[in-house]
Amino acid sequence: MDHATPRTDPRIVRTRQLLRDAFIELLQEIDIEKISVNRLAERATINRVTFYLHYRDIPDMLEKMADEMVEDIQQVLNDTPLHLNPNSNEEESWPMLVNLLEHLSKHSKFYKVILATHRTTVFSDRLLKLLAGLVADRLEKKEVDSVRSSLNIQKDIAIWYGSSALIGTIIAWLRNDMPYTPLYLAKQFILLRSTSAKTINPNK
């Protein structure tokens with residue numbers, strides 16, 4: 001999860017990565033409330049002054065880490081091909097989900113700690129918001145939205161349900177050491193959604 005840009009000083013990137021890695025290590029050992037700047041700086045092998053050159057305090061660091069997480073995931077979603085095969089089946093028609101799960105798998109140490117092992121609100125809330133946007137976008141682009149309307153299901157409730165089910169599935173997958181591949185899990189999730197829709201609307 002490298003956030004370097006052409007203008008970013010490599011030393012800044014390295015220091016921030018050291019702090020992020022140190023934070024994840026400490027979070028595996030102690031509660032987040034016990035992580036202090038002193039402990040974090042010591043684990044990252046830097047001094048406190050260096051920490052304050054990058055962040056105001058621990059909450060500020062977490063906010064910036066969450067921002068970077070969202071940027072990473074958004075980039076992954078943006079890199080997904082927009083033109084899909086119109087004849088593809090339901091399981092193959094949401095490559096964004098596969099790309100998202102592959103990204104989580106690639107950086108599983110980070111996501112397992114912040115989402116599954118020591119779930120921290122700032123990260124889970126940001127991810128839930130991002131997933132809600134993804135679900136909302138899919139509702140608007142698919143015929144499922146007309147089904148939702150015909151059944152008088154409120155759009156916001158459909159988004160809450162879809163995004164909550166998705167983040168719950170992701171957390172359980174991470175917590176159980178990712179026993180399924182991203183592609184298989186994505187197919188299973190889509191099948192479950194399809195089965196649920198058919199149960200609600202058996203004439204579909």
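Predicted model: local features only at pLDDT ≥ 70, side-chain atom pairs only at ≥ 80, totals over all residues.

Q: Helix 9 next. How does the span compare with what its 21 residues should give?
A: The two agree: at 1.5 Å a residue, helix 9 (residues 155-175) should span 30 Å, and its end C-alpha atoms are 30 Å apart.

Q: Which of its residues are buried in helix 9?
A: The buried residues are A158, I159, G162, S163, L166, I167, I170, I171, W173 and L174.

Q: What about the backbone just after helix 9?
A: There, D177 takes a positive phi of about 60°.

Q: Changing topic: how many salt bridges are there?
A: The count comes to eight.

Q: Where do R43 and E29 lie, and what does their pair tie together?
A: Their side chains meet in a salt bridge, with N to O at 2.9 Å. R43 lies in helix 2 and E29 in the loop between helix 1 and helix 2, so the pair ties together parts that are 14 residues apart in sequence.

Q: Is E29 buried or exposed?
A: E29 is exposed, at 51% relative accessibility.

Q: Which residues are linked with E29 in a network of salt bridges?
A: E25 and R43 are linked with E29 in that network.

Q: Now D60. Which side chain meets D60 in a salt bridge at 3.4 Å?
A: That side chain belongs to R56. D60 also forms a salt bridge with K64, where the closest N and O atoms are 2.7 Å apart. K64 and D60 both lie in helix 4, four residues apart, or about one turn of the helix.

Q: And D60 itself, buried or exposed?
A: D60 is buried, with a relative accessible area of 6%. By contrast, R56 is exposed at 62%, and K64 is partly exposed at 31%.

Q: What about R20, buried or exposed?
A: R20 counts as buried, because its relative accessibility of 9% is under the 20% cut-off. R20 lies in helix 1 (residues 10-27), and a polar contact of 3.1 Å joins its side chain to that of Q17.

Q: Last topic: how many aromatic pairs does the structure hold?
A: It holds five. In one of them, the ring centres of F51 and Y52 are 5.3 Å apart and the planes are at 90°, so the pair is edge-to-face.

Q: Which residues form one aromatic cluster with F51?
A: Y52 and Y55 form that cluster with F51.

Q: How accessible is F51?
A: F51 counts as buried, at 0% relative accessibility, whereas Y52 is partly exposed, with a relative accessible area of 38%.

Terms used. Residues numbered from 1 in each chain as written. Heavy atoms only, no water. Helix = DSSP H or I, 4+ residues; strand = E, 2+ residues; numbered from the N terminus. Expected span 1.5 Å × (residues − 1). Buried < 20%, exposed > 50% of the residue type's maximum accessible area, 1.4 Å probe, protein only. Phe/Tyr/Trp six-rings, centres within 6.5 Å; stacked < 30°, edge-to-face > 60°. Polar contact = N/O pair within 3.5 Å; in protein donor to acceptor, adjacent residues only side chain to side chain. Salt bridge = Lys/Arg side-chain N within 4 Å of Asp/Glu carboxyl O.
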